[in-house]
Amino acid sequence: MRFSQMLIPTLKETPSDAEVISHKLMLRAGMIRKVAAGIYTYLPLGLRTIKKVEKIVRDEMNRAGAQEVLMPVVVPAELWQESKRWDFYGKELLRIKDRHDREFCLGPTHEEVITDMVRGEVRSYRQLPINLYQIQTKFRDEIRPRFGLMRGREFIMKDAYSFHATEESAEAEYKNMYDTYCRIFERCGLKFRAVEADTGSIGGSFSHEFMVLAESGEDAIASCDSCNYAANVEKAIARSKRYPPEEREAEKVIQRVETPGKKSVEEVTAFLKISSDKLVKTLIFKSDDRIVAALVRGDHEINEIKLKNVLNVKEIALADQATVERVTKAPSGFAGPVGLSRVEIYADHAVEHMSNFVVGGNEKDIHLMNVNTPRDFSVKAFYDLRNVVVGDHCPRCDGKLELHRGIEVGHIFKLGTKYSEAMKATFLDEKGTDNLMIMGCYGVGIGRTAAAAIEQGNDENGIIWPIPIAPLQVIITALNIKDEQVKQAAETVYKSLSAAGIEVLLDDRDERAGAMFKDADLIGIPLRINVGAKGLKEGNVELKLRKSPDVSIVKLDHIVEKVVEVLAS
């Protein structure tokens, strides 16, 4: 391929609406162009990387025994109504009507479609297990699409669904997909972690997210410094330190103290001259018509997803000021559990082992000191309700937890019978008895993987692609294409590399060397060969790796051999 003949519209300036580095660099490198909010056209270089990610995914899914299908983007409402997700999914589900006024949606995911197909075609245990996947365009009407391919409305995804007769079979396929995903992201050349995660709107009993590690990642990941435990902070658990009764402080007499205008943890603890781990925050939450209080230690933060799961509700949010005052009889900032009889109280495990702590007094400008449970108030139940912090004890071993940033690129779920029960997807067992199929679900964001690779690999000059998913492997810069010797040598190297099966781009433009180098670095092609008159006098060319500042001098006659060696290493 020749630069002069390809559509590679690089930009010197970053578009004003680009926020994260992958979005900025994909626009500047001429890989994508915006059509509408969260909707993009893939230009030639961008599409080449997308196709490479797709090929790796397809290779590994086929190797794992899955079969490829292709389902429609437009899905009838009846299927989503049957699964009860038509209303639950919310406004992210783009609903449309056809000319006959029949309702449809643009599929953000395809559990309903695949379950409908399988229940019509699979009747016997002899046909199970089966794993079907597709690589398809999805649409989710994000309220605020941003970050380019990281959070678009239209995106390319690989989604797979497995069906099983037994729990043992479902567990085996989950492990098979876990191993498959590890191979996929290893082959893509990415640094990643598989972390335990919340199942969200998809549902199911448990799941793992596959996170590409990057400082710019939206998600926080907790991992152990000693074992392989890793989890999204929405799911991560800290092992509570338990104190024997003889190590706990003797209970002191409860004391009412004035704290005029002191509401925040920082203000109260500074005023009372105590550390934040000696204070308990009382947070009032509302879900539909239900109001509850949640207690966490002063130096910890509540995890609303954990609380939502404990309460088994669809949505939960902090109560408004009027509700707080009605429940506690005090302004916001002075809520406490003592005397709070109108609502159920749930507390984090860390609170369970505290003694003589400080809480709000349910009265303006009042806090209570030396509070203890169960002496002074009752808790309905203790749960893991907080975000973990650096240094927390690992729940699996004696190690300590560390925090990283990550970008979710894959997610595997053990769905169980959530969809098969709702949609009556059954099979006949050996005795001729109807049984519900047990399901698994496995997704990879194709475009998101490409964007995450850029978030992980970049510098001030542009993209640093991993070789396996780079749009091209080698770029040849002909320094002064008007020099016949340079032109001929560059053409010879280009043809020789192409004949060796190497993907190569020949920059044959009549441009200054600096401009050519800038474009090469911006695009991020892993290897660059500089062909110039000065080097050719000695029979040499320059070879530079995008990820390294060093330049090697290589004999022109040996350049193909050297490139093959570098690409194979």
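Select D348 and Y383 to begin: D348 stands opposite Y383, a residue of strand β20. Strands here (E, at least two residues) and helices (H or I, at least four) are DSSP runs, numbered from the N terminus. The model is predicted, so local features need pLDDT of at least 70 and side-chain atom pairs count only at pLDDT 80 or more, while totals for chains, interfaces and linings use all residues. Residues are numbered from 1 along each chain as its sequence is written, and side-chain values use heavy atoms, with hydrogens and water left out.

Show β17 and β20 together: they run parallel and are joined by 3 bridges. Two strands count as paired if DSSP finds at least two bridges between them.

Now colour β17 by burial, where buried means under 20% relative accessible area, exposed over 50% and partly exposed in between (1.4 Å probe, protein chains only). Of the 5 residues of β17, 4 are buried, so the strand is largely enclosed by the rest of the structure.

At the β16 end, look at β14 (residues 280-287), which runs antiparallel to β16 and is joined to it by 2 bridges. F285 has L318 in β16 as its bridge partner.

**I114 and helix α5**

From N309, go to I114: their C-alpha atoms are 27 Å apart, and 195 residues separate them along the chain. I114 belongs to helix α5 (residues 111-121). What is its relative accessible area? The value is 0%, and I114 is buried. Contact means heavy atoms within 4.5 Å. Beyond neighbours within four places in sequence, I114 is in contact with V69, M71, L132, Y161 and F163.

**Helix α6 and the cores**

Select residues 167-187, helix α6. This helix has 21 residues and reaches 30 Å from first C-alpha to last, close to the 30 Å expected at 1.5 Å a residue; the expected span is 1.5 Å times one less than the number of residues. Its buried residues include S169, Y174, Y181 and F185. Just after α6, G189 takes a positive phi of about 80 degrees.

Stay on Y181, which touches K158, F210, G410, H411, I412, Y442, G443 and V444, not counting residues up to four places away in sequence. A nonpolar core is a set of buried Ala, Val, Leu, Ile, Met, Phe, Trp, Tyr and Cys residues joined through side-chain atoms within 4.5 Å. The largest has 62 residues, and those with the most contacts inside it are M31, Y181, F185, F210, I446, W465 and L505. Apart from it lies another core of 27 residues, among them L128, I130, F413 and M439.

**D507**

Finish at strand β28 (residues 504-507), which holds D507. D507 is buried, with a relative accessible area of 0%. Its side chain makes a polar contact of 2.9 Å with that of R509. Such a contact is a pair of N or O atoms within 3.5 Å; within protein, one must be able to donate a hydrogen and the other to accept it, and residues adjacent in sequence count only if both atoms are side-chain atoms. Leaving aside neighbours within four places in sequence, D507 is in contact with F3, I475, I476, T477, A478 and M516.
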